[in-house]
Amino acid sequence: MVDRKAPAKTQVAAGKQKEEAHKKQHHEEEHKIDTNLYSRQIGTYGMETMTKLIKMNVLIVGMRGLGAETAKNLILAGPHSVTLYDPHPIQWGDLSANFYLKEKDVMTLTTRAQASHAQLQELNPYVKVKVIDQLKLEDHRDYHVVVYTELFQDLDHVIEVDELCRKHGIGFILGTNFGPSGFIFLDYGDEFVVTDPDGEETKSFIVVSATQSNPCIVTVHEDKRHIFQSGDHVQFREVQGMTQLNSLPPTEIEVIDGYSFRLKVDASKFGAYTREGQVQNIKMPQKISFMNFKDALLNPSASQRYGCLDTPDFRLIGRSEALHFSYLAYFEYYRQNKRYPNLSISEYEAIQEYYNYTTNLNQEYKNSAKPSDPTDSFQIWNNVARFAQTCISPMAAFFGGIIAQEVVKFTGKYSPLKQWLHYDIFETLPSDDNSINREPLQCRYDDQIRVYGRDVQQQLNDLHTFMVGAGALGCELIKAFALMGVGCSEEGRVSVTDNDNIEVSNLNRQFLFRKSNVGQSKSKVACEIARNINPALNVMDYQTRVGTDTEQVFNDLFWNKQDFVVNAVDNINARLYVDGRCVWYNKPLLESGTLGTKANMQMILPHQTQCYGDSQDPPEEGIPMCTLRNFPNQIEHCIEWGRDLFSRIFHDQPNEAVNYLTKPNDYVNDLKKATTLDGVKTTLEEIRKLLNLKKTADFLKCIELARHYFDEHFDLNIQSLVHTFPENHKDKDGQPFWSGPKRFPHAQPFNHSDQLHVQFIIACANLIAYNLGLPQNKNHNEVAQKAGKFKTPAYKPKTVHIELEESKQAQPAPQQIQQQKPAAGQKAGAKAPPELSQDEKQIMELLKHIKTETGKLVPKDFIPAEFEKDDDTNYHIEFIHAASNLRARNYKIIECDHQKTKMIAGKIIPAIATTTAMITGCVTAQIYNLVQGHLGNGVLTKYKDAFINLALPTFIFSEPNEVKKIKSTEYDPIMMSKITAIPEDHTIYDKIIVMGPLTVEQLLAQMKARFNIEICMIGSGKQLLYNQYAPKNAHAPRLGRLVEEIYKESASEPLPDGRNYLCLEVSGTVIGDGSDFSVPSVKYKFKY
């Protein structure tokens, strides 16, 4: 019986237990990581860092542009909470950089923090965003990291805050935007530990020798150079002979060359190395000590990594020191006068007074480097003071991205800033300072007008620009356009195109999008939201892919209207196409890209700089087919194999069935043309199996087939490989076959108690069910039990034929299906029974069976699986993950987690909001130069290319590379002859204009008269219009025909509407010396 009079104490205890269980469940849910939302970020940070990040509480003080950018980037990253403090009401100038403030809020009692709160909270439902109305000194203890983006009191208060943070192990960051300049200071205490200084993945390499010496010299396999650096630590595994290496702790090395290094250990008494082994670099924790703010302020060089302030732009040595003392003087002026200096170009006395502060400070702090050029330094100090009260979008984005990333580093991931960063864009300021009207207009652009003047603002409003891509970069860029006023007038226009739709994984870094936008057009939503930021934005979205097939849309009229173009795509082909269009139309191009914490920016100016196509990244390393199929030695090989297996089973096979059922005769004829007899037979056999399976299938049949795939790939095939090459097998040189990159495999019989085995069966069976349109079954226990009842077929020894990379020889082509030739003495066209091979007879028999067994099956009975990496419920990544780790087990390769499989199989590019925001700040700052017409000779010093890695952090700005000039040469290694450049020093931007209409003969004559050249070939795109050396003089009749007629006749696509020219490429020889020539592209206008 139940005692209904249980003691009250017991009831209370039960209630407490229930409450504790509820709290625990709530805590676990609160700290659960949404891998779909954060997938690209996890690919950069890793799960360990994300686990730390989602528990972090951050305070941000100041919500002008810099505070808003920092908060936005940080909230997207996903800490536990972000608290905002800014008690100041909204002013007109705040709208120049804070994208969440509205014109209606100006001059109301609403604070900047309150007005920003709701939309910041919408960015990420997993982050608690709150606003506080007051902030006492002791309140700072409630946070893990404190970020000041503005000073509401003097530097003494900041010193107090920093000391409190140091005392309690709290990270402190101060960042301030002084209009076109700014700085960041960081202090993470005396004993901050960095667990991963660079974020790069550790790499393993195959050991081929290790010496019994002190120190031990280790050599890796010649297939792959190691990436180690002196001072790195490494560990060994699987070394035979010198087994003592396997038990060593992480050990420091000294690099000798790309294939060998000295291991700082005495191996003279170790066993002799015999074979195998792998060596991997290990990330060692590093303890870093930071100087407090008070001391670092007065002696900034002593707080730096290398004993001097970093100079992001090496053209400006001494600039960081000049900026530092300008800021210091600015704050000192406030400390003594209780107001900041308010300078204009005409207030000579105020300028002189402020100048005295800076010179006195520079003299007082002797440990700091003095600026080398006093005249230049005066202008720097003047710029700092004049624009200190302003905040402009490009600089807020740049510093906001960096600060948010530095907050993330409090987890121990990456190297924190040590400890100052100073940066400016003074080169963008108007050169004729006396004529600039900087009087504010009581409008949203007031801060920008205070820096660049009214005229520049109007020019920005009237710009026409074309942005290709509306993803992460595109969202940041169009936000910047709205804040800066680019295209914000009736005369201006921002055109945006992106043919992609929004996905859940985009929401973590493409900040304009919300969950309700998933499935909608990126360009459409981005334009709508940007117009909400600034209703004056004149924006047009196209949702159209940019390429040769859409030149009817993006035609000559469209391109000629643009003042500049911005690339915001991660597709190399699209970038190259846009780059080519900008070269052709002579349009400036702003090019940028990101990869995790790395980013670059390239400024491309017509006739001045190299274009994007002039330098490209090296191609990705490929995996040899024999490695992929039979000899994997890295987890990446296994994942690629699993991805290929997914495609073959779940996409290719059902797709073949669909194609056969759609048009059987056409399908078979095409198949015979495309592959060998054996390939035709194999494909038809698979189709037959699939058709019969559909007619009789239930989920049990799906489990049975899944079990068959398991046995085939992870058991029987491995046994066959071992049968062909036993463990003691020798190669043709008498060396062990299983050595170096070849790892000896081990078969895996199915075990229904093994979680990974069951995971494979469940994913495979459910994907087969999807292909067949059957209900799926997600009951693990049921599927595991049923799969265990099927018997593995007894292994029958089978020899595997493998073509090894090192022994490839020319092989006779496999038997192809060919038309039968008439027998000897038989007249052509006479009907005689063809002699069929055994394979052909089997194919005919197969087709007969398939035809009779098809029954009422139709194409829609089969559903090929289109690979989708971002849906964790569709079993796609689940299957590949199980298959690749099972493959890894076969070869004793270290298995990987689900996220790594997803990143590699899905070819996911690591991406984070911080890097994107930072680099778009660099990009948009260049617009100030473009709008002022800085496009002629000698302007490159005003522009910047950028190469940045926020993980280290490293900032490198440089002058854009000058355009390559094509010169004559006595010997060209490609053409193997002399090349004459006509004209000398022409570039890719130059064109030869030829007015038509002209026949080919007339064109040849005109070019001969103008340039003394004999043309033998004319091409346009993929079309060869004239070839003097065509067989049998086939192109001679074209001499008398119009060039455009020949093009229209041979081209597969018509010219875009309104295009009245052809782009021609010509080749031939120079009359007189017979050398080949190089000339610019010919713009042949057949109408005008």
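Where is the place of Pro-983? I found Pro-983 in the loop between β25 (977-981) and β26 (991-995). I am working from a predicted model.

**Cis peptide bonds.** I looked up Pro-983 for its peptide bond. The bond from Ile-982 to Pro-983 is cis, with omega near -10 degrees. I noted another cis bond, from Lys-418 to Gln-419, with omega near -20 degrees. Gln-419 lies in the loop between α11 (393-408) and β15 (420-424). Most peptide bonds are trans.

**Positive phi.** Gln-543 is not a glycine, yet its phi is positive, near 55 degrees. I placed Gln-543 in the loop between β18 (539-541) and α16 (556-561). Gln-543 is partly exposed, at 37% relative accessible area. Lys-907 also has a positive phi, near 50 degrees. Lys-907 sits in the loop between α27 (898-905) and α28. I logged Lys-907 as exposed, at 61%.

**Helix pair.** I then followed α28 (residues 913-931) to its packing with α4 (residues 65-77). The angle is about 150 degrees and the axes are 8 Å apart. Over 145 degrees counts as roughly antiparallel, so α4 and α28 are roughly antiparallel to each other. From α4, Glu-69, Lys-72, Asn-73 and Leu-76 make the contact; from α28, Ala-913, Thr-914 and Ala-917 do. By class I have three nonpolar, two polar and two charged residues.

**Cysteines.** I searched the whole structure for disulfides and found zero. Cys-1016 is in none; the nearest cysteine sulfur, that of Cys-1063, is 18 Å away. Cys-1016 is buried, at 12% relative accessible area. Cys-216 is buried too, at 0%.

Methods: Residues are numbered from 1 along each chain as its sequence is written. This is a predicted model: local features need pLDDT of at least 70, side-chain atom pairs count only at pLDDT 80 or more; totals for chains, interfaces and linings use all residues. Side-chain values use heavy atoms; hydrogens and water are left out. A disulfide is a pair of cysteine sulfur atoms within 2.5 Å. Buried means under 20% relative accessible area, exposed over 50%, partly exposed in between (1.4 Å probe, protein chains only). Axes are lines fitted to C-alpha atoms, for helices over the stretch in contact, and angles run from 0 to 180 degrees between N-to-C directions. Helices (H or I, at least four residues) and strands (E, at least two) are DSSP runs, numbered from the N terminus. Angles under 35 degrees count as roughly parallel, over 145 as roughly antiparallel, 65 to 115 as roughly perpendicular and the rest as oblique. Contact means heavy atoms within 4.5 Å. Ala, Val, Leu, Ile, Met, Phe, Trp, Tyr, Cys and Pro count as nonpolar, Asp, Glu, Lys and Arg as charged, and the others, Gly among them, as polar.
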